[in-house]
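Here is a short note for a colleague who is opening this entry for the first time. Please keep the sequence and the 3D view side by side while reading.

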Amino acid sequence: MTFQLDHLLTITFTLFAVIDIVGSIPLLISLKEKMGGIRSTQATLISGALMILFLFAGEAFLKILGLDIRSFAVGGSVVIFLLGLEMVLGHEIFKGDKDAKSGSVVPIAFPIIAGSGTLTTVMSLKANYEELYILSGILINLVVVYIVLKSLKVIERALGQAGLLAVRKFFGVILLAIAVKIFSSNIAAFGK
């Protein structure tokens with residue numbers, strides 16, 4: 001097996017866009033103030049465990065439900081498309097509980113970091129890429145998540161409101177393109 005950097009970059013940026021840790025900074029800062037702090041290590045490890053568990057056990061779970069990975073990828077591509085659309089247009093499609101007063105596990109690790117969009121994306125990527133690349137992409141994103149959680153105030157000051165909005169819209173467009181690619185490559189398999 002030859003290492004393919006383009007696969008790793010695609011997966012890493014797809015997960016980065018779906019997790020949207022940069023776009024979540026205003027929400028995370030608000031939660032940090034409400035909760036008196038965020039346990040960065042705990043939130044990172046639990047969200048990582050959820051993604052890795054879904055990567056390796058998600059297929060068995062789908063089989064119990066009578067689904068295959070391509071069907072899940074098509075469904076997941078629709079969710080990814082809607083997430084991208086939400087990021088680009090700025091309209092909330094997925095309603096989240098933004099008033100949570102619980103700890104770093106809920107709502108930060110789940111559903112903000114490792115929410116349904118992220119878990120769906122992990123399974124959708126599995127239809128097109130090898131597990132090693134997906135696992136590497138997850139680990140790279142967990143490092144980024146940890147750094148962001150540790151330095152929320154610094155990042156907010158550096159980017160400003162306009163910078164946060166621009167980053168969110170940029171990754172929204174990337175998500176839309178990736179969703180179309182996943183959808184088209186998996187829907188074509190149903191005709192064969």
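Predicted model: local features only at pLDDT ≥ 70, side-chain atom pairs only at ≥ 80, totals over all residues.

The points below go from the overall fold to the core, then to one helix and one loop.

1. The protein has eight helices and zero strands. Along the sequence the pattern reads α-α-α-α-α-α-α-α.

2. **Overall dimensions.** How does the radius of gyration of the protein relate to that of a compact globule? For 192 residues, a compact globule would come out near 16 Å, and the protein has 16 Å, so the two agree. Along the principal axes, the C-alpha atoms fill a box of roughly 55 × 35 × 30 Å.

3. **Contacts along the chain.** Take the contacts between residues at least 6 apart in sequence. Of these, 89% join residues at least 24 apart.

4. **Burial and surface.** Of the 192 residues, 42% are buried. The protein exposes about 9700 Å². Carbon and sulfur atoms supply 69% of that area.

5. **Charge.** There are 16 positive and 12 negative side chains. The centres of the two sets lie 4 Å apart.

6. **The nonpolar core.** Which residues have the most contacts inside the largest nonpolar core? They are Ile21 and Ile108, in a core of 49 residues. Two or more core residues come from each of α1 (5-19), α2, α3, α4 (69-89), α5 (104-113), α6 (116-126), α7 (131-150) and α8 (152-190). The largest share, eight residues, is given by α8.

7. **Ile21 up close.** Set aside the neighbours of Ile21 within four places in sequence. Ile21 then contacts Phe16, Leu28, Ile113, Val144, Val145 and Val148. Select these residues in the viewer to see the surroundings of Ile21.

8. **Helix α6.** Is α6 largely enclosed or open? Ten of its eleven residues are buried, so α6 is largely enclosed by the rest of the structure. The buried residues include Gly117, Leu119, Val122, Met123 and Leu125. Thr118, Thr120, Thr121, Ser124 and Lys126 of α6 are buried as well.

9. **Gly37.** Where is Gly37 found? It sits in the loop between α2 (25-35) and α3 (40-64). Its relative accessible area is 27%, so Gly37 counts as partly exposed, since that class lies between the 20% limit for buried and the 50% limit for exposed. Gly37 and Gly76 are 39 residues apart in sequence. In space, their C-alpha atoms are 33 Å apart.

Conventions. Residues numbered from 1 in each chain as written. Heavy atoms only, no water. Helix = DSSP H or I, 4+ residues; strand = E, 2+ residues; numbered from the N terminus. Rg over C-alpha atoms; globule rule 2.2 N^0.38 Å. Buried < 20%, exposed > 50% of the residue type's maximum accessible area, 1.4 Å probe, protein only. Contact = heavy atoms within 4.5 Å. Areas by Shrake-Rupley, 256 points an atom, 1.4 Å probe, with all protein chains shown as cover. Lys, Arg positive; Asp, Glu negative; His and termini not counted. Charge placed at Lys NZ, Arg CZ, Asp CG, Glu CD. Core = buried A, V, L, I, M, F, W, Y, C linked by side-chain atoms within 4.5 Å.
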